[in-house]
Each structure stands twice: as structure tokens, then as C-alpha cells.
Amino acid sequence: MKVLVSGSSGFIGTGLVPYLMKRGFNVIRLVRRTPVDGEIQWDPNGGFIDSANIPVIDAVIHLAGESIVAGPWTAVQKARIRDSRVNGTRLLADTLSRMDRPPTVWANASSDVYYGDRNNQLLSESSGPGRTFLSQVSVENESQTLNATKAGIRVVNMRFGMVIGPSIAGMVGRFKKGLGGILGDGRQYISWVTLYDAVRAVEHILNNDTLQGPVNVVTPNPVTNLEFTKTLGGILRRPTFFRRPSILVKFLMGEMAEVELSSVRMQSNLLADSGFKFNYPELDEGLRSVLGK
């Protein structure tokens with residue numbers, strides 16, 4: 001299968017591309033810099049993509065987007081977060097829908113932030129969006145795929161939970177220093193998935209024609225922040241007494257505190273119904289696999 005991938009240098013992309021290549025996929029990367037062999041240049045904010053050099057492809061995986069924790073949420077940074085997702089998705093949708101031979105499937109990266117802060121409400125793919133800034137960005141991002149759907153492309157909006165992989169190194173470092181602790185009251189839910197299961201789920205989505213529309217990419221076992229903290233502390237054999245009250249998190253992070261304090265309790269109903277099995281469905285074994293424990 002020949003696959004066009006955006007965001008290949010990001011966290012999920014750096015795990016996904018080697019995995020797909022080992023599985024026999026022919027991966028073509030969308031890049032902003034001057035391309036080399038096996039790459040296509042694009043500038044999503046500038047509205048440019050070198051469509052003339054895109055070969056006939058079977059699938060597209062769109063992962064590109066500004067990091068939501070790259071810096072304080074100034075007006076400029078919020079615009080970058082929104083534009084990097086909405087403009088890129090719109091450009092891809094318009095480009096793919098005009099192809100003489102469009103791809104069969106488009107796996108578009110979305111996120112659990114679509115649902116906003118929902119306390120302990122159990123959320124499925126049919127649950128409505130939240131009202132936070134990131135929720136509205138996710139709604140706009142997913143809505144930009146409509147032209148591709150109209151062109152007959154099977155579009156899947158992958159709503160990833162917290163992806164556990166090498167990116168938790170900073171968190172592990174805090175725990176090893178004895179600074180790992182509960183955020184807020186610790187009752188907010190975290191929907192999570194290991195990076196390995198996340199990339200396996202992407203492959204499953206590409207190959208499974210029954211999946212279309214929103215698909216939650218999370219294990220069936222969400223945990224509270226308290227449970228996550230205690231589990232990670234137990235694996236690292238470090239205390240977890242340090243607490244950061246909500247008021248302190250909001251003071252230090254401003255509006256970006258929604259990333260840390262929102263509660264999202266998701267279920268991956270459609271993945272389960274399509275036959276997908278997680279290698280690491282439980283948090284303890286998932287963290288141990290990532291940490292080499």
C-alpha cells in the first residue's frame with residue numbers, strides 16, 4: 001500500500017512511519033522543507049502543496065499540527081494551533097478531492113480534546129463536542145474533511161487520547177526527583193493509549209473498510225489522574241506526595257491549564273467492534289512497556 005503521511009517528524013509520526021515501512025508500506029512524506037526522494041513539499045498555512053508530483057496513492061495519514069504545549073497560549077500561539085490543523089486539513093481535502101484517482105482512505109488525526117471537560121461522563125464516538133478552545137479547534141479540523149468524503153474517500157477522524165511513549169520522559173524525570181504528584185483534585189479522567197497500540201490502530205483503520213467517521217483511539221480502561229500518578233510512581237518506586245492544586249496550575253499555565261485539568265473518559269467502541277485488540281489495555285503494563293520495566 002502506498003501511503004502519503006503528514007507530520008512524519010512528530011511524536012506519533014516517528015513511531016508510525018518506521019512501523020509501516022517494516023510492514024511493507026511504501027511511505028511518502030509531506031514536508032515543509034526542500035524535499036528529497038520519497039517526499040512531497042507543502043506549506044499548509046500558505047495554501048501550497050506540490051500536487052503535480054503526488055503519485056497515485058492508496059491512503060493518506062494526516063498527523064501534522066502545532067504542539068498544544070509548545071508555549072503559553074498567547075493570541076498568536078492559539079492562532080498557530082488552530083491554523084496548523086484547520087488550514088492543513090482543508091488543503092489536503094481540497095487536493096485529494098480533485099485527484100483523478102483519489103486515495104481510498106484518509107486517516108485524519110484528531111484528539112480527545114474534541115470532547116472538552118466532561119467530568120466522569122462515559123464518552124463514545126457519538127458524544128457531542130465540548131466548549132473549550134481545543135474542542136472547537138477539533139470540530140473545525142474534522143469538518144474540513146467533508147470535501148474528501150464527498151469525493152468518495154473513506155475518512156476516519158482518529159480521536160487519540162494521551163499517547164504514552166518516549167514523550168513522557170519529562171514526566172518521568174519529575175517523578176524521579178520526587179516531584180511527581182497529583183494535578184488538581186486528581187479525579188479528572190485520562191484516556192490513554194501506548195504509542196505502539198496507537199500505530200497498530202492506524203494500520204487497522206487503513207485496512208478495515210467498516211471504520212468511517214470519528215474513531216476513538218484509546219484503551220478501554222481510562223484512569224483518573226490520581227490512578228495514573230500512583231501507578232507511575234509505583235513503577236518508578238518514587239513518592240507521589242507532591243500536589244499541584246488547580247488554582248496553581250491555572251496560575252502557572254493560564255488557559256493552557258485545560259490540557260492538564262480536563263476530564264475525558266472515552267471508550268473505543270468502534271475499534272473494539274471492528275476486531276481490534278490492544279496489546280497493552282491496562283495502564284501498569286502499558287507504562288512498563290514504555291519504560292522498559
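**View 1. The open sheet of eight strands.** The strand order is β4-β3-β2-β1-β5-β6-β8-β13, with mixed pairing; strands are DSSP runs (E, at least two residues) and helices are runs of H or I (at least four residues), numbered from the N terminus. Two strands pair if DSSP finds at least two bridges between them. β4 (48-49) and β13 (213-217) are the edge strands, each pairing on one side only. This is a predicted model, in which local features need pLDDT of at least 70 and side-chain atom pairs count only at pLDDT 80 or more, while totals for chains, interfaces and linings use all residues. Residues are numbered from 1 along each chain as its sequence is written, and side-chain values use heavy atoms, leaving out hydrogens and water.

**View 2. Strands β2 and β3.** β2 and β3 (residues 39-43) run parallel and are joined by three bridges. Glu39 in β3 is the bridge partner of Arg29.

**View 3. The buried residues of helix α1.** In α1 (residues 11-22), Ile12, Gly13, Leu16, Val17, Tyr19 and Leu20 are buried (under 20% relative accessible area, 1.4 Å probe, protein chains only). Among the elements covering them are β1 (2-6), β2 (26-31) and α6 (195-207). Gly24, which follows α1, has a positive phi, near 95°.

**View 4. The crossing of α1 and α6.** The axes, lines fitted to C-alpha atoms over the stretch in contact, come within 9 Å and cross at roughly 60°.

Methods: Buried < 20%, exposed > 50% of the residue type's maximum accessible area, 1.4 Å probe, protein only. Contact = heavy atoms within 4.5 Å. Axes fitted to C-alpha atoms, helices over the stretch in contact; angles between N-to-C directions.
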